[in-house]
Amino acid sequence: MTLDVVDLSRLQFAMTALYHFLFVPLTLGLSVLLAIMETVYVMTGRRIWRQMTKFWGTLFGINFVLGVATGIVMEFQFGMNWSYYSHYVGDIFGAPLAIEGLMAFFLEATFVGLFFFGWDKLSKVGHLVTTWAVALGSNLSALWILVANGWMQNPTGAAFNPQTMRMEITDFFEVVTNPVAQAKFVHTVSAGYVTASVFVLGVAAWYMLKGRHIELAKRSMTVAASFGLAASLSVVVLGDESGYLTTEHQKMKLAAMEAMWETEPAPAAFTLFGLPSQTDRETHFAVRVPWVLGLIATRSLDTVVPGINELVGHAQDRIKSGVIAFDALQKIRAAGSDAAIPPDVRQAFEDHGTDLGYALLLKRYVDDPRTATPEQIAQAAWDTVPSVPTLFWSFRIMVGLGLSFIVLTSVFFFLSARRMLDRYRPLLWVAVIAIPLPWVAVELGWVVAEFGRQPWIIEGVLPTAAAVSSLGAATVLTTIVGFALIYTVLIIIEMTLMVRAIRQGPEPDDEPDAELIPAHLVAAE
Amino acid sequence: MILHTLIDYDVLRVIWWLLLGVLLIGFAVMDGFDLGTDILLPFVAQTDLERRVVINAIGPTWEGNQVWLILGGGAIFAAWPPLYAVSFSGFYLAMFAILFALILRPVGFKYRSKREGSVWRTAWDWALFVGGLVPALVMGVAVGNVLQGVPFHLNDDLRIFYDGTTLFELLNPYGLLCGLLSVAMVVMHGAGWLALKTQGNVDRRARAIGSYAALATLVLFVLGGLWLYFGVDGYRITSALVADGPSNPLAKTVAVAPGAWFANYAAHPWMMAGPALGILGALASLILLRTRAEFTALLASTVSIFGIISTVGLSMFPFILPSTVDPRSSLTVWDASSSHLTLFIMLVCTVIFMPIIIAYTTWVYRVLWGKVDTAEIQRDNSHAY
């Protein structure tokens, strides 16, 4: 199999996005945890909380810089590898990215330096404000990025302009209040909070096991367990699925995640286990639990969740409608001036224009979609089904992990409330071992959302294959190798520094709370 | 929404052309001294402590400064999508070089002093040097190529085709001259910053190197102007001007015209202020770096950067990206913008947030005002860089 420029561009984007997303969730969550810890310090005046903020802040910093460094790549890649995409939707998609810079990233990046350098230059409250500004900035940043991403999944508030050959904004308010974007924001940010909580919980548990920094570790675990419990409940309860019935392809994604080939009477059964086969178009060895899927996906007893076969039928109809739109568009452009457009052509474009993107799916088989055969149309309709086994399993592992975080944080919340955090060593080991799991879950979440969006780069509007830059495959391969090399080196360095900083532990406080550490220990140091 | 029609489409386009300039100048001024400091690092600082002083001179603020680049990228995407699409994909490998260097920078700042060991630290010092030099050089080279025109064309679907062959094509003599000018400019500016933030040997060396950089800026800028006049053809729109039409570059015709990059100065003599400020600023920076002035030296290099970048914009107006192979595909202020509504929304956001950004940035700089404290770096090992 040879990879063409589309495959390579997708590979590079997936690689750089998944890598960037190793650092983002921890930044999102840890910034809020730092702000909470420092708030306790300012309110109680107990120095241990200051020491905690500084210690977790060091780890935050090591993680944060790589998020920044790889974030620039994300923003520039749209123009570099996806230039037709950038032209086609820049009018809408560019705005949230620019607003992210204006409203969020400036705030975060300007104050993050002060967070590290301002301990002795600012008043207590001044520094607290700085920390909250970093947390607010990073979370607002996620909001605007997900408004942009949500629009790719549900392109509301925009229309195609034949004169400029691109999508243009019609209603900015609709773009911002896009339900898919809202659901994604809550889900993603909560996932970040869970990641940071499990991280803090695990590192603190390791200190408990080693008998080091007990005071710091206990307090950190209490904060992480309570914050993490709230967040892990929110991830699951306010899951991304609430946005999954809003559009045709979101329904397709849901059906693929569930490997649900046929539409069932509501409420549909949930497939607990099975081996979905894309070629056979069925799920072998399915173990099914009645009602559960319908309840989760629709939050009702009588809403029907459509199956893959039915949705492919819809796609086929829309491709046919798209061909009419495509034909009308060619006539509109040939007419030259607005006045010269025949009324029936104008009407045809108005009626079918929203399906224009579906005609572009045929470009894979024919240059002119109007010449496509019925077989090609049927084939293109089946192309709208994303990889069912990948989605089925990614989703199940993600959800399984999500549920396990609820259990983990609940247990430690209970232990903390009973002041028994140091009682059960095996449980502490479980917390240590759990550290990498949130990363597995969030990366699989990205796979479900973005791999599940295929074959679309913008649902119903532009197929991924049509969106790439006119670059040579060798050129893209060069940058893939380059990114892979530098990213590999940097992640090794980052992990080494992270482990070193954890082993080193917090700096001793120059004026510790008298009651926390007995005087003879202070003297011994 | 009818509100956006309060400002005419052509007026909004000019405003966004100005804002494009503001963002590029903002980036060159704010992150410019960081880039310059990175380049100066191995030369103005010999001992480890001196190097830490240099890094900590920009340590607390480089991150915010770099957002000017990120906002610049986002704003070009939002306000000038075709410019974003053509330039980023056309200069693909050059962009990659910039990204590669910019990835090294944050990591270098943060990780360098986390470990002892001279191999580790020296390696990061050079990574920071590359992180400063490569973006400055490549961006300058890119501007030099934009002035000469870029080999791309658009087809009827407005799909972009870049017709250049290799990365080395960009490294033509005029492109390289602009690249060197860009490096000299940020080194001059970085020296101004170090003169403000450091003392002793570092300050002395920075001033010495900086004054040569200011001289180089002056010479290269004048040379670049003369070369542009005698050796680089400009572009001119030959069809009727529709300033508020749809953004479709193919609707116009364009001719290559010798001397066209100077037509604006003949028509509007006030525009000569651009090149004049570029020259005078560099001259003032040269003198002020030599005469132990602190803040004014930085101010002078700021003026110079403002003048130099303005000169590029003013010379080319209304062009923003001319095409050599198909001049009609050239992007101009009148046909490469976002829609009327998007430009309006983005303007509202900018008007609201830019003053807030400037306010808190000013506050942060005030908190951090003063020379880098050597004792503090030595005392606090975990948070200083």
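Residues 270–289 of chain B have end C-alpha atoms 29 Å apart. This span is 85% helix and 0% strand. Helices here are DSSP runs of H or I with at least four residues, strands are runs of E with at least two, and both are numbered from the N terminus. The model is predicted: local features need pLDDT of at least 70, side-chain atom pairs count only at pLDDT 80 or more, and totals for chains, interfaces and linings use all residues. Residues are numbered from 1 along each chain as its sequence is written, while chains are lettered from A and ligands numbered from 1 in the order in which they are written.

The 270–289 span comes from a record. An unreviewed UniProt entry marks it as a "transmembrane region", along with 12–30, 83–105, 126–154, 174–196, 208–230, 296–321 and 341–365 of chain B. Such annotations may be inferred rather than shown by experiment; positions follow the numbering used here, and feature names are shortened. Take 341–365 of chain B next. Its end C-alpha atoms lie 36 Å apart, and the span is 100% helix and 0% strand.

Of the 385 residues, 56% are buried. Buried means 20 or more other C-beta atoms within 10 Å of the residue's own, exposed means 12 or fewer, and partly exposed lies in between, with C-beta atoms placed from the backbone.

Chain B also meets chain A. Here 59 residues of chain B are in contact with 60 residues of chain A. Contact means C-beta atoms, placed from the backbone, within 7 Å. On chain B, the elements giving two or more residues to this side are α4 (62–79), α5 (81–90), α6 (92–111), β2 (160–162) and α13 (340–367).

Some backbone details remain. The Phe317(B) to Pro318(B) peptide bond is cis, with omega near 5°. Pro318(B) sits in the loop between α12 (295–316) and β5 (319–321) of chain B. In chain A, the bond from Gln454(A) to Pro455(A) is also cis, with omega near 10°. His213(A) is not a glycine, yet has a positive phi of about 45°. This residue lies in the loop between α6 (179–210) and α7 (214–237) of chain A. His213(A) is partly exposed, with 19 other C-beta atoms within 10 Å.

Technical notes. Two residues are in contact if their C-beta atoms, placed from the backbone, lie within 7 Å.
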